[in-house]
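Here are my notes on the model, as numbered points. Please keep the structure open while reading them.

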Amino acid sequence: QKVLGGSLAFHAIAPLVELKVSLDGASQRKRELGDITFGPGLGYHYSEKMHAAYGIDFFAPTGRFDRDDLVNIGRNYWTVQPVAAFSYVDPDGLNIDIKTMYDFNLRNRATDYRSGQELHADYAIGWGLRNGWVLGVGGYVYRQTTDDDVRGERVEDNKGRAFAIGPSIKYSSQQGWFVTAKWQQERAVRNRAEGDAYWLKLVFPF
């Protein structure tokens, strides 16, 4: 279905998350379903190799949250996130992906805490090997743009920031599905947890 010259799409992401946190000698690990993301979008094919997608994502508080736990996979609040993503795809050459997002966070009713707005971008740069495989590097850049607040009072000097980079590998099938594996090491982290992340992502069309 065409809307405003673009192909109308809907998507949903149901993440299975394993998370371990260590703090002051205490540690906790959980593995369970996280917050589900869903939303509409419009896709555009500007050329054979240049593509773009624009949309709005909604993060639903479906993951479990306990204010007394060290580890919480669920955030316990809704987030509305406009998205713009761009891809340059060459099966036998340079591949570039960037996805820019801006988060509007609602209040966590269990803690009466509202996180500030956030600007972040995922990126990947790789080289296609002609057989569906792409080898490269990727990561993200994150910057909190407004202050948090708790019970209506602004929390100053607590804006988060981070940068991450690491290797990635991707396989795209001729049937339209693809799988990506990547490792990201966080650097230059301020006012948020720091660590390594390992991702395995499978995307398939209906």
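1. Begin with Ala162. Setting aside residues up to four places away in sequence, Ala162 touches Tyr140, Val141, Tyr142, Arg187, Ala188, Val189 and Arg192. Keep in mind that this is a predicted model.

2. Which residues make up the largest nonpolar core? Five do: Tyr140, Tyr142, Ala162, Ala164 and Val189. At least two residues of this core come from strand 11 (133–144), and at least two from strand 14 (161–172). In soluble globular proteins, nonpolar side chains tend to be buried together.

3. Eleven strands form an open sheet with antiparallel pairing, in the order 1-2-5-6-7-8-10-11-14-15-16. Strand 1 (2–3) and strand 16 (196–203) each have a single partner strand, so one side of each has no neighbour in the sheet.

4. One pair can be followed residue by residue. Strand 5 (residues 37–45) and strand 6 (residues 50–59) are antiparallel and joined over seven bridges. Tyr44 stands opposite Ala52 of strand 6.

5. Strand 6 also holds Asp57. Asp57 is buried but has no salt bridge.

6. Asp57 does have a polar partner: its side chain and that of His11 are joined by a polar contact of 3.1 Å. Apart from neighbours within four places in sequence, the residues in contact with Asp57 include His11, Thr37, Phe38, Gly39, Thr79 and Lys99.

Methods. Residues numbered from 1 in each chain as written. Predicted model: local features only at pLDDT ≥ 70, side-chain atom pairs only at ≥ 80, totals over all residues. Heavy atoms only, no water. Pairing = 2+ DSSP bridges. Helix = DSSP H or I, 4+ residues; strand = E, 2+ residues; numbered from the N terminus. Core = buried A, V, L, I, M, F, W, Y, C linked by side-chain atoms within 4.5 Å. Buried < 20%, exposed > 50% of the residue type's maximum accessible area, 1.4 Å probe, protein only. Contact = heavy atoms within 4.5 Å. Lys, Arg positive; Asp, Glu negative; His and termini not counted. Salt bridge = Lys/Arg side-chain N within 4 Å of Asp/Glu carboxyl O. Polar contact = N/O pair within 3.5 Å; in protein donor to acceptor, adjacent residues only side chain to side chain.
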